[in-house]
Amino acid sequence: MIYTFIVNYPALGTGIKTYVFQHIAVDVKDAYIKWISNLKTNTFSQRVKDELMEEVNSELLPLCLNEVVNVWWETSISGNSFMMMHIVGTSEHPTPLYTFIVNYRKGMFVSQIEGTDPQSCFRQWIKKNAKYYPKYEVEKIETGLDNNTLSLVPIKGMNHPIWFFHYRFYKKYILELYVINTDLNQDYSSLEWE
């Protein structure tokens, strides 16, 4: 299975940063241990790594979210640093299932949509979630998608495809969206990107 980690660290304040990692592992515990072992100490301190490994040794592992398939959640506090993470596992599914992880207004939100390609699922996600965002800005996103001036951007260098979308609402609210296909066997060769 391929596990994708979307990590906000630090997860509070004005300097929130998001990191994306992928690891091939037999289960979420194995992926979590690989992720901790490969953390760079110039980004995540040795203290954070040690505390995360202590949690693993105490069997304090990321929690499986009930509302979505193959998604786990974890928060961690180390000194004055706060980290929030979602882990998405990729396996075989009868219907492709796209997981949406959204950073918006200091919160992270997770949902899933069945579909055949990420762009059409993104349009479904916008229609389904439009009520949570400014109406005029949602209309601008929809127009941008129709005119091909806005689209999901594939993140390079990953074992399994991940797409990213970044949009600034007015001046201070930013929408960051990560899309992960949870179907391991999906074929992307026919997709065309602008």
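**Figure 1. The largest cavity in the predicted model.** A cavity is a set of grid points where a 1.4 Å probe fits but cannot get out. The model is predicted. The largest cavity holds about 50 Å³ of space. With a threshold of 30 Å³ or more, the count is one cavity.

**Figure 2. Residues lining the largest cavity.** The lining consists of Trp 125, Ile 126, Asn 129, Ala 130, Tyr 133, Val 138, Ile 141, Phe 169 and Leu 175. Eight of the lining residues are nonpolar and one is polar. No charged residue takes part in the lining.

Figure 3. Helix 3 spans 118–129, and helix 4 spans 135–146. Each supplies at least two residues of the lining of the largest cavity. Helix 3 gives the largest share, with three residues.

**Figure 4. Thr 4 in strand 1.** Thr 4 sits in strand 1, which covers residues 2–8. Its relative accessibility is 0%. Buried means under 20%, so Thr 4 counts as buried.

**Figure 5. Contacts of Thr 4.** The side chain of Thr 4 makes a polar contact with the side chain of Gln 22, at 2.9 Å. Leaving out residues up to four places away in sequence, Thr 4 touches Val 20, Phe 21, Gln 22, His 86, Ile 87, Val 88, Ile 162 and Ile 180.

Definitions and conventions. Residues numbered from 1 in each chain as written. Predicted model: local features only at pLDDT ≥ 70, side-chain atom pairs only at ≥ 80, totals over all residues. Heavy atoms only, no water. 1 Å grid on protein atoms, 1.4 Å probe; cavity = no way out; pocket = protein on both sides within 12 Å on 5 of 7 lines; lining within 4 Å. Points joined across faces, edges and corners; volume = space filled by probe spheres on them. Helix = DSSP H or I, 4+ residues; strand = E, 2+ residues; numbered from the N terminus. Nonpolar A, V, L, I, M, F, W, Y, C, P; charged D, E, K, R; others polar. Buried < 20%, exposed > 50% of the residue type's maximum accessible area, 1.4 Å probe, protein only. Polar contact = N/O pair within 3.5 Å; in protein donor to acceptor, adjacent residues only side chain to side chain. Contact = heavy atoms within 4.5 Å.
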